[in-house]
Amino acid sequence: MENRYSGSDLHGVTAKVVDKPHHFHKLLSLSLSLSLSLSLSLSLSLYYIFAGLILMYLIHKRKPKVYLLDFSCYQPPNSCRLPMSMFLENVLLDGTDPDSIAFQVKILEKSGFSEETCIPPSLTCLPIRKSLSFALEEVTTVMFSAVSNLFEKHNINPRAVDILISNSSLFCPTPSLSTLIINKFRMRSNIKNFNLSGMGCSAGLIAVSLAKDLLRIHSNSLALIVSTETLVLNWYQGKVPSMLLTNCLFRMGGAAMLMSSRKKDKGRAKYELQHLVRTNKAQDDQSHACVFQDMDPENKQGISISKDILHVAGDALKANIGALGPMVLPISEQIRYGISILIRKIWSQRRRKTRIPNFKKAFEHFCIHAGGRAVIQGIERNLELRKEDVEASKMTLYRFGNTSSSSLWYELSYIEAKGKMKKGDRVWQIAFGSGFKCNSAVWKCVAKVGAERENVWRDIIHSYPVEIPN
């Protein structure tokens, strides 16, 4: 069949052919624009996805694990013991007024102390000798002994230490305590050293927090922490009851700890640091003033401890637990606690008691700062702990007294000496300090830990626990 076109048809076809390039260019231009637009959108999408993945990687990048290789507590010699009879004789012969003597005897009778707690030799002299040289003698004796024992135990060269942190709240000489340690053990010239002062009894865990951050920034490093407190220059000889409390509560002690972020130390470490939560209530005037260094009316320096300290400590602990709980408590326990709060808010008129989270489901062991008998009993009651949960704290207070920031390590040493620490167990350390501060550290035991020859409790652990009369 032939296709025949008339003249008019041929003209129409010719016109379409003439117009076709124009339409083609428009289509091509539109197609290119669409393609470029899609390419740009796709590129931007891929860019944001890639950037997001990098950000997620950086956020969730595996931080170096921080380990506690070991620790050592100072064991004062028997010649430094301060039995009640010696204390009474000293304050009588030192010319202390009768009212101050009666007050201190009353506090000591309720302190939960044994006859074995110790003070520096210069404080047992008559008259009491307080000077910078005696304070330096006390602090170097404690620090050097604890550090030497730790180094010898693990055959560590002092020059292998990359980070050094010392803490003493009330004694801050020049050169610093950390510098004294560097000089004594001939450490490296490029060691990163820090000295913390004025941080109270919670300074030990603040030092651990600082070491943790430094070990993660400077990975594959070894850190030494030395915690102590000096009594010589801070023994109060006035009449103000709130300042006399320190004479009754604080005793001689100190500890040294080795922490590491080195991979090679994983196999020989005792504990791994899981969490560290710090709470500072210094923005509140009552909290800020409850432990305060000041001058009394007779211009004698002392540390004043307020009657509000238990209330302030309770508030600080509550805030600290609020931050720590979600990190450590099982989901089921968190739900129960949340429901109890909700019920209390809905039926507030019934004055329902808020359910206390069961922290025994999160931890096998508790090390509560041995700041005083009332502090330990208050936490035992408020957290509904068992007698055995606070045994280490009570026995440390009984045997060594309040050794300030180092008390937590005497307690952990007690648990180890008793053979209670098992691989996989979790330990909660709770410290309180002036400011007012409450700090918590959570450790997980990663090794088989037994009673060691170097343990500060080694010769007396068989006689503990003891019954402490009320």
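Reader: How many aromatic pairs does the structure hold?
Author: There are 16 aromatic pairs. Keep in mind that this is a predicted model.

Reader: Take Phe400 and Tyr410. Is that pair stacked, edge-to-face or tilted?
Author: Tilted. The ring centres of Phe400 and Tyr410 are 4.6 Å apart and the planes stand at 45°.

Reader: Which parts does the pair tie together?
Author: Phe400 is in helix H12 (residues 391–400) and Tyr410 is in helix H13 (residues 407–417), so parts 10 residues apart in sequence are tied together.

Reader: Phe400, buried or exposed?
Author: Buried, at a relative accessible area of 2%. Tyr410 is buried too, with 0% relative accessibility.

Reader: And what about Trp457 and Tyr464?
Author: Their planes are at 80°, so that pair is edge-to-face, with centres 5.3 Å apart. Both Trp457 and Tyr464 are buried.

Reader: Which residues do ring pairs link into a cluster?
Author: Tyr398, Phe400, Tyr410, Tyr414, Trp457 and Tyr464. Also, Arg399 sits over the face of Phe400, 4.5 Å from the ring centre.

Reader: New topic. What is the strand order in the open sheet?
Author: Its nine strands run E3-E2-E4-E5-E1-E6-E11-E10-E9, and the pairing is mixed.

Reader: In which sense do E2 and E3 pair, parallel or antiparallel?
Author: Parallel, over five bridges. Asn167 has Leu196 in E3 as its bridge partner.

Methods: Residues numbered from 1 in each chain as written. Predicted model: local features only at pLDDT ≥ 70, side-chain atom pairs only at ≥ 80, totals over all residues. Heavy atoms only, no water. Phe/Tyr/Trp six-rings, centres within 6.5 Å; stacked < 30°, edge-to-face > 60°. Helix = DSSP H or I, 4+ residues; strand = E, 2+ residues; numbered from the N terminus. Buried < 20%, exposed > 50% of the residue type's maximum accessible area, 1.4 Å probe, protein only. Lys NZ or Arg CZ within 6 Å of the ring centre and 35° of its normal. Pairing = 2+ DSSP bridges.
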